[in-house]
Structures are given as C-alpha cells and as structure tokens.
Amino acid sequence: MSVDIQAYLWPTPNGKKIYVVLEELNIPYDVRLINIGKNEQFAPEFLKISPNNKIPAIVDQNPPKEFGDSPISIFESAAILQYLADYKKGEGAPDLYPKNPRERVKVNEWLYWQIAGLGPMMGQSNHFSSTNIDYAKERYSKEVDRLLGVMNKRLGEYNYLAGDNYTIADIASYTWLLYSDKVKAEDTPYPNIKAWLERISERPAVKRAAEKAKL
C-alpha cells in the first residue's frame with residue numbers, strides 16, 4: 001500500500017490529534033518525529049514545511065488533482081484536520097467533516113473554539129500553575145473553567161460538539177481534555193464532558209491511535 005502522507009509530529013495534544021484523525025479516516029501514513037525538546041522544529045528543512053516552527057505538519061505526496069501535480073505541505077492542526085477529512089478520506093471511514101453547509105458551520109464553530117480558546121487557555125493555565133504568579137494562575141484557571149462549563153452544557157444537549165455526529169471538532173478537543181484532572185475526577189463538575197471522553201476513547205480508531213501516540 002502506498003503512503004501519501006508524511007506526518008511531522010511529537011506527542012503533544014496537538015500532535016496527537018493527527019494520529020487520531022489519520023486512524024479514523026483509514027489513511028496510510030508515515031510519522032516523522034520532530035523532537036521539540038531538542039529544538040528540531042527549528043531545523044531549516046522542517047521550517048520549509050512549517051514556517052511557524054510548530055508541530056503538527058504534514059506533506060501529502062499525492063494530493064487531489066485540483067491541487068496540481070506537486071506535493072502539498074500543511075501546518076496548523078485545524079487546517080490539517082480539515083484537509084484530511086475533506087480530501088483524503090479512506091475506504092469505510094466515517095464522515096468527519098460534513099458537506100452540508102449548515103452542519104459544516106457547526107463543525108467549524110467548535111473546531112475554532114478549541115483552536116482559539118480551549119487549547120491556548122489550557123496551555124497557559126498549565127504553564128502558570130507551576131509559577132508563583134497568582135494573578136496569572138487565577139486568570140487562566142478561571143477561563144479554563146468557563147470554557148469547560150460551555151462545553152459541558154453543549155454536551156448535555158448533544159452527543160458531540162457539532163451535534164449528534166462525531167467530527168473533527170471532537171478530535172480537536174479530545175486530545176487536550178484527556179489530561180484534565182478536573183474532567184476525569186470521580187466527582188467532576190463536568191460529567192457530560194467525562195461521558196463524551198469515555199465514548200470517544202472506546203472508538204477502535206482512537207484505541208489504535210492511543211497505542212501509536214501514547215494517548
């Protein structure tokens with residue numbers, strides 16, 4: 001089986017999203033690990049693919065005809081999720097990015113909510129939790145709690161973030177919330193998120209990704 005996708009990853013929450021979507025979409029892929037602890041993200045050859053010196057990034061050696069004859073590189077996790085779900089869906093894979101415009105808007109809303117809100121705020125909260133800067137610790141912890149409240153309410157109304165179907169919007173948040181003690185606690189104030197995490201974790205493709213990415 002030929003492999004079109006080279007995935008440049010490291011096992012961070014953003015990197016693990018790509019493992020999950022590739023497994024869900026049944027896409028053959030090769031992983032090129034970029035060790036961010038050794039600053040490999042600053043290597044000139046990687047910067048040609050990801051000029052913002054961040055993982056994840058991918059190269060599709062065989063893109064659809066509308067992209068021309070040469071390989072295409074993509075950086076930023078949301079852009080990668082959208083591209084793969086739109087153009088590289090494998091045989092028997094679920095529809096993770098619906099074509100219906102109304103449904104797609106909902107997916108985009110919750111995908112961008114994670115990219116612009118949940119991910120950055122959780123990252124800042126984790127960073128400042130190990131400092132003695134009380135203002136920053138309180139600010140980011142409260143904002144994470146607010147965002148989790150928004151998500152918990154949504155998941156009390158629907159099975160998944162964009163509605164009744166599992167999509168790339170769920171994958172985007174899933175790999176971040178796997179590490180949330182607030183969500184995973186027995187007495188969590190976010191039971192709907194906890195149940196959602198458990199549903200997704202039972203998916204066969206997610207289990208395969210977990211083995212490969214150490215989710």
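**View 1. The largest nonpolar core of this predicted model has 58 residues.** Leu-84, Leu-177 and Trp-196 touch the most other members. A nonpolar core is a set of buried Ala, Val, Leu, Ile, Met, Phe, Trp, Tyr and Cys residues joined through side-chain atoms within 4.5 Å. Buried means under 20% relative accessible area, with exposed over 50% and partly exposed in between (1.4 Å probe, protein chains only). Elements that each supply at least two core residues include strand E1 (5-9), helix H1 (13-24) and helix H6 (168-177). H4 gives the most, with eight residues. Helices (H or I, at least four residues) and strands (E, at least two) are DSSP runs, numbered from the N terminus. Domain 1 (5-96 + 205-213) and domain 2 (101-203) both give residues to this core, so it lies between them. Domain bounds come from an automatic or database domain assignment.

**View 2. A second, separate core has seven residues.** Among them are Tyr-8, Ile-34, Ile-49 and Val-59.

**View 3. Trp-196 and its contacts.** Leaving aside neighbours within four places in sequence, Trp-196 touches residues including Met-151, Leu-155, Tyr-160 and Leu-177. Contact means heavy atoms within 4.5 Å.

**View 4. Helix H3 is mostly covered.** Eight of its 11 residues are buried. Leu-81, Tyr-83 and Leu-84 are among them. Their cover includes E1, H1, H4 and H6.

**Notes.** Residues are numbered from 1 along each chain as its sequence is written, and side-chain values use heavy atoms, without hydrogens and water. Local features need pLDDT of at least 70, and side-chain atom pairs count only at pLDDT 80 or more, while totals for chains, interfaces and linings use all residues.
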